[in-house]
Amino acid sequence: MKNQHGSKHHHQSHSNSRRRHLNRANTFHGIHPLLTHGCNGHYVDSSSSLWKTRRYSPGINGLHEEIVDFFNFMSPRPEEEAMRRNVVNRIEGVIKDLWPTSKVEIFGSFSTGLYLPTSDIDLVVFGKWDHPPLQELEHALKKHNVTGPYSIKVLDKASVPIIKLTDHETEVKVDISFNVETAVKAAQFIKSYLKKYPVLPPLIFVLKQFLLQRDLNEVFTGGISSYSLILMAISFLQLHPRIDTRRSNINLGILLIEFFQLYGHDFNYMKTGIRVTNGGAYLCKEEMLKTMGSGNRPSMLCIEDPVQPGNDVGRSSYGVLQVKQVFDFAYMVLTHGVSPLARAYPNREYDCTLGRIIKVSPEVLAYREWTIKKWGVKHYAKQENHGMCTTLKQNLSEPVAKKNFFVRLVISRFLEGHICASNTIEVLQFVKL
(Lines give C-alpha, C1' and ligand atoms only; values in the text may rest on other atoms or scores of the structure.)
Protein backbone atom coordinates (compact mmCIF):
# COMPACT_ATOMS: atom_id res chain seq x y z
CA MET A 1 0.00 0.00 0.00
CA LYS A 2 1.05 3.57 -0.57
CA ASN A 3 2.40 5.47 2.38
CA GLN A 4 -0.12 7.91 3.86
CA HIS A 5 1.21 11.40 4.60
CA GLY A 6 -1.58 13.04 6.58
CA SER A 7 -2.18 16.77 6.71
CA LYS A 8 -1.53 18.73 9.89
CA HIS A 9 -4.01 17.70 12.57
CA HIS A 10 -5.15 20.10 15.30
CA HIS A 11 -5.57 17.96 18.38
CA GLN A 12 -7.95 19.01 21.14
CA SER A 13 -5.22 19.78 23.62
CA HIS A 14 -7.49 21.09 26.36
CA SER A 15 -9.25 17.76 26.87
CA ASN A 16 -5.98 15.89 26.43
CA SER A 17 -4.20 17.87 29.14
CA ARG A 18 -7.23 17.49 31.40
CA ARG A 19 -7.10 13.72 31.07
CA ARG A 20 -3.36 13.63 31.83
CA HIS A 21 -4.02 14.64 35.41
CA LEU A 22 -6.40 11.68 35.74
CA ASN A 23 -4.11 9.15 34.05
CA ARG A 24 -1.52 7.90 36.52
CA ALA A 25 0.04 5.78 33.75
CA ASN A 26 0.92 8.83 31.66
CA THR A 27 4.69 9.17 31.58
CA PHE A 28 5.15 12.41 29.68
CA HIS A 29 3.39 14.97 31.89
CA GLY A 30 2.80 17.56 29.18
CA ILE A 31 5.94 16.77 27.18
CA HIS A 32 5.40 16.04 23.49
CA PRO A 33 4.58 12.31 23.33
CA LEU A 34 7.10 11.59 20.58
CA LEU A 35 9.95 12.49 22.92
CA THR A 36 11.37 9.72 25.05
CA HIS A 37 14.10 11.85 26.51
CA GLY A 38 14.81 15.50 26.96
CA CYS A 39 16.68 17.02 29.91
CA ASN A 40 19.35 14.30 30.19
CA GLY A 41 17.02 11.42 29.41
CA HIS A 42 14.69 12.08 32.34
CA TYR A 43 11.49 10.77 30.82
CA VAL A 44 12.54 7.23 29.93
CA ASP A 45 15.35 5.67 31.90
CA SER A 46 16.60 2.25 32.87
CA SER A 47 14.90 2.35 36.26
CA SER A 48 11.49 2.33 34.57
CA SER A 49 12.18 -1.01 32.85
CA LEU A 50 10.82 -2.81 35.88
CA TRP A 51 9.98 -5.94 33.92
CA LYS A 52 13.66 -6.66 33.22
CA THR A 53 14.68 -9.93 34.90
CA ARG A 54 17.80 -10.91 32.96
CA ARG A 55 20.44 -9.85 30.46
CA TYR A 56 18.75 -9.95 27.09
CA SER A 57 20.15 -11.40 23.88
CA PRO A 58 21.33 -8.91 21.27
CA GLY A 59 19.05 -7.71 18.50
CA ILE A 60 15.56 -8.92 17.70
CA ASN A 61 15.80 -11.99 19.95
CA GLY A 62 16.40 -9.77 22.95
CA LEU A 63 13.33 -7.71 22.09
CA HIS A 64 11.28 -10.92 21.98
CA GLU A 65 12.57 -11.94 25.41
CA GLU A 66 11.78 -8.51 26.78
CA ILE A 67 8.20 -8.56 25.47
CA VAL A 68 7.68 -11.92 27.18
CA ASP A 69 8.99 -10.49 30.47
CA PHE A 70 6.87 -7.35 30.11
CA PHE A 71 3.77 -9.46 29.50
CA ASN A 72 4.48 -11.62 32.56
CA PHE A 73 5.17 -8.53 34.68
CA MET A 74 2.03 -6.63 33.65
CA SER A 75 -0.41 -9.55 33.53
CA PRO A 76 -3.14 -9.38 36.20
CA ARG A 77 -2.32 -10.86 39.60
CA PRO A 78 -4.93 -12.82 41.60
CA GLU A 79 -5.23 -9.90 44.03
CA GLU A 80 -6.00 -7.50 41.17
CA GLU A 81 -8.63 -9.90 39.88
CA ALA A 82 -10.15 -10.16 43.37
CA MET A 83 -10.24 -6.39 43.77
CA ARG A 84 -12.04 -5.90 40.48
CA ARG A 85 -14.51 -8.66 41.27
CA ASN A 86 -15.28 -6.87 44.50
CA VAL A 87 -15.96 -3.62 42.62
CA VAL A 88 -18.28 -5.41 40.21
CA ASN A 89 -20.11 -7.18 43.05
CA ARG A 90 -20.72 -3.95 44.97
CA ILE A 91 -22.03 -2.14 41.89
CA GLU A 92 -24.15 -5.14 40.93
CA GLY A 93 -25.61 -5.13 44.45
CA VAL A 94 -26.72 -1.51 44.04
CA ILE A 95 -28.24 -2.29 40.65
CA LYS A 96 -30.07 -5.36 41.95
CA ASP A 97 -31.52 -3.33 44.82
CA LEU A 98 -32.97 -0.91 42.28
CA TRP A 99 -34.08 -3.44 39.67
CA PRO A 100 -34.16 -7.02 41.02
CA THR A 101 -34.88 -8.56 37.61
CA SER A 102 -32.04 -6.75 35.83
CA LYS A 103 -28.89 -8.51 34.64
CA VAL A 104 -25.31 -7.18 34.83
CA GLU A 105 -22.67 -8.38 32.37
CA ILE A 106 -18.93 -7.67 32.19
CA PHE A 107 -17.37 -6.90 28.83
CA GLY A 108 -14.21 -5.21 27.59
CA SER A 109 -10.70 -5.89 28.87
CA PHE A 110 -11.76 -7.26 32.27
CA SER A 111 -13.86 -9.86 30.49
CA THR A 112 -11.08 -10.87 28.06
CA GLY A 113 -8.25 -10.66 30.61
CA LEU A 114 -6.39 -8.05 28.53
CA TYR A 115 -6.41 -5.36 31.18
CA LEU A 116 -3.58 -3.29 32.56
CA PRO A 117 -3.39 -2.36 36.26
CA THR A 118 -5.12 0.97 35.62
CA SER A 119 -7.63 -0.19 32.99
CA ASP A 120 -11.34 0.57 33.31
CA ILE A 121 -14.05 -1.99 34.05
CA ASP A 122 -16.86 -2.08 31.49
CA LEU A 123 -20.34 -3.14 32.63
CA VAL A 124 -23.63 -3.35 30.78
CA VAL A 125 -27.01 -3.56 32.51
CA PHE A 126 -29.88 -5.37 30.82
CA GLY A 127 -33.47 -4.61 31.77
CA LYS A 128 -36.80 -3.24 30.54
CA TRP A 129 -36.70 0.54 30.28
CA ASP A 130 -37.95 2.96 27.66
CA HIS A 131 -34.88 5.12 28.28
CA PRO A 132 -31.62 4.26 30.11
CA PRO A 133 -32.17 5.19 33.79
CA LEU A 134 -28.81 6.95 34.08
CA GLN A 135 -29.71 9.54 36.71
CA GLU A 136 -31.49 7.01 38.91
CA LEU A 137 -28.44 4.75 39.01
CA GLU A 138 -26.14 7.73 39.51
CA HIS A 139 -28.10 8.76 42.61
CA ALA A 140 -28.06 5.20 44.01
CA LEU A 141 -24.29 4.80 43.52
CA LYS A 142 -23.67 8.05 45.41
CA LYS A 143 -26.10 7.06 48.16
CA HIS A 144 -24.29 3.74 48.74
CA ASN A 145 -20.88 5.49 48.73
CA VAL A 146 -19.64 3.51 45.76
CA THR A 147 -18.45 6.79 44.29
CA GLY A 148 -18.11 10.38 45.41
CA PRO A 149 -20.18 13.30 44.09
CA TYR A 150 -17.33 14.59 41.92
CA SER A 151 -16.06 11.25 40.61
CA ILE A 152 -19.14 10.24 38.64
CA LYS A 153 -20.36 11.63 35.34
CA VAL A 154 -23.45 10.90 33.26
CA LEU A 155 -22.85 11.10 29.50
CA ASP A 156 -26.46 11.02 28.32
CA LYS A 157 -25.73 12.79 25.01
CA ALA A 158 -23.15 10.25 23.84
CA SER A 159 -23.95 7.88 20.96
CA VAL A 160 -24.02 5.16 23.63
CA PRO A 161 -25.18 6.82 26.88
CA ILE A 162 -23.00 5.73 29.80
CA ILE A 163 -22.15 6.45 33.40
CA LYS A 164 -18.43 6.99 34.09
CA LEU A 165 -17.33 6.69 37.71
CA THR A 166 -14.33 6.09 39.92
CA ASP A 167 -14.86 3.57 42.70
CA HIS A 168 -14.34 5.24 46.07
CA GLU A 169 -12.54 2.32 47.73
CA THR A 170 -10.20 1.16 44.96
CA GLU A 171 -9.91 4.10 42.53
CA VAL A 172 -10.85 1.73 39.71
CA LYS A 173 -12.68 3.50 36.88
CA VAL A 174 -15.95 1.94 35.71
CA ASP A 175 -18.11 2.58 32.64
CA ILE A 176 -21.74 1.45 32.83
CA SER A 177 -24.04 1.24 29.82
CA PHE A 178 -27.56 -0.12 29.33
CA ASN A 179 -28.93 -2.81 27.00
CA VAL A 180 -25.92 -2.82 24.64
CA GLU A 181 -25.96 -6.43 23.44
CA THR A 182 -23.14 -5.91 20.95
CA ALA A 183 -20.70 -5.17 23.79
CA VAL A 184 -21.00 -8.68 25.21
CA LYS A 185 -20.84 -10.21 21.71
CA ALA A 186 -17.65 -8.24 21.00
CA ALA A 187 -15.99 -9.66 24.13
CA GLN A 188 -16.94 -13.18 23.04
CA PHE A 189 -15.55 -12.48 19.57
CA ILE A 190 -12.20 -11.34 21.01
CA LYS A 191 -11.99 -14.40 23.28
CA SER A 192 -12.34 -16.65 20.24
CA TYR A 193 -9.36 -14.94 18.57
CA LEU A 194 -7.25 -15.16 21.71
CA LYS A 195 -7.50 -18.93 21.33
CA LYS A 196 -6.67 -18.73 17.62
CA TYR A 197 -3.63 -16.44 18.03
CA PRO A 198 -1.51 -17.20 21.15
CA VAL A 199 0.76 -14.24 20.29
CA LEU A 200 -2.12 -11.76 20.55
CA PRO A 201 -2.11 -11.14 24.36
CA PRO A 202 1.58 -10.11 24.71
CA LEU A 203 1.31 -7.85 21.67
CA ILE A 204 -1.85 -6.20 23.01
CA PHE A 205 -0.31 -5.59 26.44
CA VAL A 206 2.65 -3.75 24.91
CA LEU A 207 0.47 -1.76 22.50
CA LYS A 208 -2.05 -0.79 25.18
CA GLN A 209 0.71 0.43 27.50
CA PHE A 210 2.30 2.34 24.61
CA LEU A 211 -0.95 4.21 23.86
CA LEU A 212 -1.99 4.57 27.50
CA GLN A 213 1.09 6.50 28.54
CA ARG A 214 0.53 8.90 25.63
CA ASP A 215 -3.17 9.47 26.42
CA LEU A 216 -4.13 7.94 23.08
CA ASN A 217 -6.00 4.92 24.44
CA GLU A 218 -9.49 6.46 24.52
CA VAL A 219 -11.69 8.06 21.90
CA PHE A 220 -12.42 10.71 24.55
CA THR A 221 -8.93 12.11 23.92
CA GLY A 222 -8.97 11.40 20.18
CA GLY A 223 -7.13 8.08 20.48
CA ILE A 224 -8.28 4.60 19.62
CA SER A 225 -10.30 2.33 21.84
CA SER A 226 -9.08 -1.00 23.13
CA TYR A 227 -11.59 -2.70 20.81
CA SER A 228 -10.20 -0.84 17.76
CA LEU A 229 -6.63 -1.71 18.74
CA ILE A 230 -7.42 -5.40 19.13
CA LEU A 231 -9.19 -5.51 15.76
CA MET A 232 -6.18 -3.81 14.14
CA ALA A 233 -3.90 -6.44 15.72
CA ILE A 234 -6.16 -9.29 14.60
CA SER A 235 -6.19 -7.91 11.04
CA PHE A 236 -2.39 -7.59 11.11
CA LEU A 237 -2.03 -11.24 12.19
CA GLN A 238 -4.62 -12.47 9.69
CA LEU A 239 -3.06 -10.79 6.67
CA HIS A 240 0.64 -11.14 7.49
CA PRO A 241 2.26 -12.01 4.14
CA ARG A 242 5.16 -14.12 5.42
CA ILE A 243 4.50 -15.64 8.84
CA ASP A 244 1.93 -18.18 10.01
CA THR A 245 0.92 -16.09 13.01
CA ARG A 246 -1.22 -18.84 14.51
CA ARG A 247 1.93 -20.51 15.81
CA SER A 248 2.96 -19.79 19.38
CA ASN A 249 6.75 -19.87 18.80
CA ILE A 250 6.97 -16.69 16.72
CA ASN A 251 9.44 -13.94 17.49
CA LEU A 252 7.32 -11.27 19.17
CA GLY A 253 9.96 -8.62 18.47
CA ILE A 254 9.49 -9.07 14.72
CA LEU A 255 5.71 -8.89 15.06
CA LEU A 256 5.78 -5.74 17.19
CA ILE A 257 8.11 -3.87 14.84
CA GLU A 258 6.10 -4.92 11.80
CA PHE A 259 2.83 -3.86 13.47
CA PHE A 260 4.30 -0.39 14.00
CA GLN A 261 5.61 -0.39 10.43
CA LEU A 262 2.21 -1.27 8.99
CA TYR A 263 0.06 1.20 10.92
CA GLY A 264 2.71 3.90 11.33
CA HIS A 265 4.23 3.94 7.88
CA ASP A 266 2.56 1.77 5.21
CA PHE A 267 -1.19 1.72 5.84
CA ASN A 268 -3.24 4.06 3.64
CA TYR A 269 -5.73 5.56 6.09
CA MET A 270 -7.28 7.76 3.40
CA LYS A 271 -8.48 4.96 1.13
CA THR A 272 -8.43 1.67 3.06
CA GLY A 273 -10.76 0.06 5.57
CA ILE A 274 -10.24 -3.03 7.74
CA ARG A 275 -12.41 -6.15 7.91
CA VAL A 276 -11.62 -9.10 10.19
CA THR A 277 -14.53 -11.44 9.41
CA ASN A 278 -14.16 -14.34 6.97
CA GLY A 279 -10.40 -14.50 7.32
CA GLY A 280 -9.83 -10.75 7.11
CA ALA A 281 -9.44 -8.32 4.24
CA TYR A 282 -8.53 -4.77 3.30
CA LEU A 283 -11.35 -2.96 1.54
CA CYS A 284 -11.52 0.33 -0.29
CA LYS A 285 -13.70 2.75 1.63
CA GLU A 286 -16.11 3.12 -1.29
CA GLU A 287 -16.85 -0.59 -0.97
CA MET A 288 -17.49 -0.24 2.76
CA LEU A 289 -20.08 2.47 2.11
CA LYS A 290 -22.44 -0.26 0.90
CA THR A 291 -22.73 -1.81 4.36
CA MET A 292 -23.08 1.48 6.26
CA GLY A 293 -26.30 3.25 7.07
CA SER A 294 -27.50 6.19 5.01
CA GLY A 295 -25.71 9.43 5.79
CA ASN A 296 -22.60 7.70 7.21
CA ARG A 297 -19.19 8.04 5.63
CA PRO A 298 -16.13 5.91 6.37
CA SER A 299 -13.89 7.56 8.95
CA MET A 300 -10.13 8.07 8.76
CA LEU A 301 -9.62 4.90 10.80
CA CYS A 302 -12.29 2.72 9.21
CA ILE A 303 -12.79 -0.65 10.91
CA GLU A 304 -15.86 -2.73 10.22
CA ASP A 305 -17.42 -3.98 13.45
CA PRO A 306 -17.47 -7.81 13.23
CA VAL A 307 -20.53 -8.06 15.50
CA GLN A 308 -22.39 -5.14 13.90
CA PRO A 309 -21.25 -4.83 10.24
CA GLY A 310 -22.87 -1.43 9.62
CA ASN A 311 -20.89 0.12 12.47
CA ASP A 312 -17.51 1.81 11.93
CA VAL A 313 -15.54 1.11 15.12
CA GLY A 314 -12.99 3.86 14.46
CA ARG A 315 -15.49 6.62 13.69
CA SER A 316 -14.89 8.64 16.86
CA SER A 317 -11.08 8.44 16.82
CA TYR A 318 -10.47 12.00 15.67
CA GLY A 319 -6.79 11.89 16.62
CA VAL A 320 -5.89 8.84 14.56
CA LEU A 321 -3.19 10.73 12.65
CA GLN A 322 -1.45 11.35 15.96
CA VAL A 323 -1.69 7.62 16.67
CA LYS A 324 -0.17 6.99 13.25
CA GLN A 325 2.62 9.42 14.09
CA VAL A 326 3.59 7.72 17.37
CA PHE A 327 3.40 4.28 15.71
CA ASP A 328 5.85 5.51 13.05
CA PHE A 329 8.08 6.87 15.82
CA ALA A 330 8.06 3.49 17.61
CA TYR A 331 8.91 1.70 14.36
CA MET A 332 11.98 3.89 13.83
CA VAL A 333 13.15 3.64 17.45
CA LEU A 334 12.77 -0.16 17.71
CA THR A 335 14.32 -0.75 14.29
CA HIS A 336 17.37 1.19 15.38
CA GLY A 337 17.33 -0.49 18.81
CA VAL A 338 17.70 -4.01 17.39
CA SER A 339 20.21 -3.08 14.68
CA PRO A 340 23.96 -3.84 14.86
CA LEU A 341 24.52 -0.07 14.84
CA ALA A 342 22.83 0.22 18.22
CA ARG A 343 25.16 -2.43 19.66
CA ALA A 344 28.19 -0.67 18.22
CA TYR A 345 27.14 2.65 19.74
CA PRO A 346 25.18 1.79 22.89
CA ASN A 347 22.97 4.42 24.50
CA ARG A 348 23.70 4.47 28.21
CA GLU A 349 20.25 5.90 28.95
CA TYR A 350 18.69 2.55 28.02
CA ASP A 351 19.50 -0.90 29.30
CA CYS A 352 16.90 -2.60 27.11
CA THR A 353 15.14 -2.06 23.78
CA LEU A 354 11.47 -2.03 24.77
CA GLY A 355 12.26 0.57 27.41
CA ARG A 356 12.97 3.04 24.61
CA ILE A 357 9.25 3.37 23.86
CA ILE A 358 7.38 2.38 27.04
CA LYS A 359 7.85 2.58 30.76
CA VAL A 360 5.90 1.82 33.91
CA SER A 361 5.43 4.87 36.09
CA PRO A 362 6.14 4.82 39.85
CA GLU A 363 2.46 5.65 40.46
CA VAL A 364 1.36 2.45 38.71
CA LEU A 365 3.90 0.38 40.61
CA ALA A 366 2.76 1.87 43.93
CA TYR A 367 -0.89 1.21 43.03
CA ARG A 368 -0.14 -2.43 42.20
CA GLU A 369 1.76 -2.88 45.47
CA TRP A 370 -1.15 -1.36 47.38
CA THR A 371 -3.60 -3.65 45.57
CA ILE A 372 -1.59 -6.80 46.23
CA LYS A 373 -1.02 -5.90 49.87
CA LYS A 374 -4.63 -4.98 50.66
CA TRP A 375 -6.41 -7.59 48.58
CA GLY A 376 -3.95 -10.32 49.44
CA VAL A 377 -4.99 -9.83 53.07
CA LYS A 378 -8.66 -9.92 52.09
CA HIS A 379 -8.03 -13.05 50.05
CA TYR A 380 -6.68 -14.86 53.13
CA ALA A 381 -9.45 -13.43 55.28
CA LYS A 382 -11.95 -15.17 53.02
CA GLN A 383 -10.16 -18.44 53.57
CA GLU A 384 -10.82 -18.20 57.30
CA ASN A 385 -14.29 -19.65 56.90
CA HIS A 386 -12.76 -22.66 55.14
CA GLY A 387 -10.02 -23.57 57.59
CA MET A 388 -7.85 -20.46 57.67
CA CYS A 389 -5.82 -21.78 60.58
CA THR A 390 -4.74 -24.79 58.52
CA THR A 391 -3.91 -22.59 55.54
CA LEU A 392 -1.78 -20.28 57.65
CA LYS A 393 0.09 -23.21 59.20
CA GLN A 394 0.92 -24.50 55.74
CA ASN A 395 2.31 -21.11 54.72
CA LEU A 396 4.20 -20.77 58.01
CA SER A 397 6.15 -23.90 57.11
CA GLU A 398 7.85 -21.85 54.38
CA PRO A 399 11.12 -19.85 54.73
CA VAL A 400 11.60 -17.13 57.35
CA ALA A 401 10.64 -14.14 55.17
CA LYS A 402 7.33 -15.73 54.35
CA LYS A 403 6.80 -16.70 57.99
CA ASN A 404 7.26 -13.12 59.10
CA PHE A 405 4.70 -11.93 56.59
CA PHE A 406 2.06 -14.38 57.75
CA VAL A 407 2.77 -13.73 61.43
CA ARG A 408 2.08 -10.04 60.82
CA LEU A 409 -1.01 -11.04 58.84
CA VAL A 410 -2.35 -13.19 61.69
CA ILE A 411 -1.81 -10.45 64.27
CA SER A 412 -3.44 -7.80 62.08
CA ARG A 413 -6.45 -10.03 61.39
CA PHE A 414 -6.80 -10.70 65.14
CA LEU A 415 -6.66 -6.98 65.95
CA GLU A 416 -9.32 -6.32 63.29
CA GLY A 417 -11.53 -8.96 64.89
CA HIS A 418 -11.45 -11.44 61.97
CA ILE A 419 -9.67 -14.27 63.83
CA CYS A 420 -10.59 -15.53 67.26
CA ALA A 421 -8.00 -15.51 70.09
CA SER A 422 -7.69 -19.30 70.26
CA ASN A 423 -6.82 -19.60 66.56
CA THR A 424 -4.34 -16.72 66.87
CA ILE A 425 -2.58 -18.35 69.83
CA GLU A 426 -2.55 -21.71 68.06
CA VAL A 427 -0.85 -20.29 64.95
CA LEU A 428 1.68 -18.25 66.91
CA GLN A 429 2.55 -21.27 69.05
CA PHE A 430 3.05 -23.23 65.87
CA VAL A 431 5.98 -20.98 64.94
CA LYS A 432 7.22 -20.97 68.56
CA LEU A 433 6.66 -17.26 69.24
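In what order do the five strands of the open sheet stand? In this predicted model, where local features need pLDDT of at least 70, side-chain atom pairs count only at pLDDT 80 or more, and totals for chains, interfaces and linings use all residues, the order is β1-β2-β5-β4-β3, with mixed pairing. Residues are numbered from 1 along each chain as its sequence is written, and side-chain values use heavy atoms, leaving out hydrogens and water.

Helices (H or I, at least four residues) and strands (E, at least two) are DSSP runs numbered from the N terminus, and two strands pair if DSSP finds at least two bridges between them. Because β1 and β3 (152-155) stand at the edges with a single partner strand each, one side of each has no neighbour in the sheet. From one strand to the next, the twist averages 20°. Strands β3 and β4 (residues 162-166) run antiparallel and are joined by four bridges; here K153 stands opposite K164 in β4.

Next come the helices that lie across the sheet. Helix α3 (residues 78-98) lies across β1, β2, β4 and β5 (173-178), at about 25° to β2, while α5 (residues 134-143) lies across β3, β4 and β5, at about 175° to β3. Axes are lines fitted to C-alpha atoms, for helices over the stretch in contact (heavy atoms within 4.5 Å), and angles run from 0 to 180 degrees between N-to-C directions.
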